[in-house]
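Keep the model open and follow along.

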Amino acid sequence: MEKTKIIAHHLEFGEFVASLRALSEEVLRKPITEGEWSIIEIIGHLIAWDEFVLHERIPYFVGGGTFPAGPDVTVFNEQAAASTRKKEAAVVLDAFLCGRTQLIERLTEIPDALWETEITIHQSQLTLFSYFKGLMTHDLHHIAQIKEVI
């Protein structure tokens, strides 16, 4: 059940991001509020986190071993957002959808039994489901921000 819930979220979020293609470049680049990121910068930072999860977390969830240290979140987010400023919005949206599809495919491959197995990331004990539920909450936060603008 947990796996299905997480995958369903990612599929729905992909549909939401695909719907953003209907918006103009101007709307996608306008900061959501003064001093904040634009929609496209938000999507850009999600691309970077999806890549991080795919390459720096899932292999360890499945194969075991010691988790590598995570990045400095502030620097990581700013670099990801900045990288979108040089690209057309459509390219960023397509990159997100491609990366999220890869993430969904990888999540589908994870055996059901692993979703409730306790894992340790540094000093934190959690399940694979709770880890991805946290990421889902992060996505939902950004969906709410974007919906306020559009």
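How exposed is Asp-94, by relative accessible area? Asp-94 is partly exposed, at 39%.

A word on the ground rules. This is a predicted model, in which local features need pLDDT of at least 70 and side-chain atom pairs count only at pLDDT 80 or more, while totals for chains, interfaces and linings use all residues. Residues are numbered from 1 along each chain as its sequence is written, and side-chain values use heavy atoms, with hydrogens and water left out.

Start with charge. Side chains of opposite charge can pair when their charged atoms come close. The test here is a salt bridge: a side-chain nitrogen of Lys or Arg within 4 Å of a carboxyl oxygen of Asp or Glu. The whole structure holds eight salt bridges.

Asp-94 makes one of them. Its side chain meets that of Arg-21, with N to O at 2.7 Å. The two partners sit in distant parts of the chain, 73 residues apart: Asp-94 belongs to helix H5, and Arg-21 to the loop between H1 and helix H2 (25-29). Helices (H or I, at least four residues) and strands (E, at least two) are DSSP runs, numbered from the N terminus. Arg-21 is partly exposed too, at 47% relative accessibility.

Next, find Asp-112. Asp-112 pairs with Lys-3 in a salt bridge, and their closest N and O atoms are 3.2 Å apart. Here 109 residues separate the partners: Asp-112 lies in the loop between helix H5 (89-109) and strand E1 (118-121), whereas Lys-3 lies in helix H1 (residues 2-19). Their surroundings contrast. Asp-112 is exposed, at 58% relative accessibility. Lys-3 is buried, because its relative accessible area is 15%.

Through shared partners, salt bridges tie Glu-41, Glu-78 and Arg-85 into one network. Glu-78 is partly exposed, at 37%. Arg-85 is partly exposed as well, at 43%.

Now go back to helix H5, where Arg-100 is found. Is Arg-100 buried or exposed? Arg-100 is buried, since its relative accessible area is 2%. The side chain of Arg-100 makes a polar contact of 2.7 Å with that of Asp-50. A polar contact is a pair of N or O atoms within 3.5 Å; within protein, one must be able to donate a hydrogen and the other to accept it, and residues adjacent in sequence count only if both atoms are side-chain atoms. Beyond its neighbours within four places in sequence, Arg-100 contacts (heavy atoms within 4.5 Å) His-9, His-10, Phe-13, Asp-50 and Asp-139. Cys-98 is partly exposed, at 45% relative accessibility.

Turn to the nonpolar interior. In soluble globular proteins, nonpolar side chains tend to be buried together. A nonpolar core is a set of buried Ala, Val, Leu, Ile, Met, Phe, Trp, Tyr and Cys residues joined through side-chain atoms within 4.5 Å. The largest has 20 residues, and those with the most contacts inside it are Ile-58, Phe-61, Leu-107, Trp-115 and Phe-132. H1, helix H3 (39-63), H5, E1 and helix H6 (128-149) each give two or more residues to this core. H6 supplies the largest share, five residues.

Apart from residues up to four places away in sequence, Phe-61 touches Phe-67, Leu-114, Ile-119, Ile-121, Leu-128, Tyr-131 and Phe-132. A second, separate core has 19 residues, among them Phe-16, Ile-32, Leu-97 and Ile-146.

Finish at the largest pocket. On a 1 Å grid over the protein atoms alone, a pocket is an open set of points where a 1.4 Å probe fits, with protein on both sides within 12 Å along at least five of seven lines; lining residues have an atom within 4 Å of a point. The volume of the largest pocket is about 190 Å³. The lining includes Trp-49, Arg-57, Ile-121, Tyr-131 and His-138. H3 gives the most to that lining, with four residues. Volume here is the space filled by probe spheres set on the grid points, which are joined across faces, edges and corners.

Technical notes: Buried means under 20% relative accessible area, exposed over 50%, partly exposed in between (1.4 Å probe, protein chains only).
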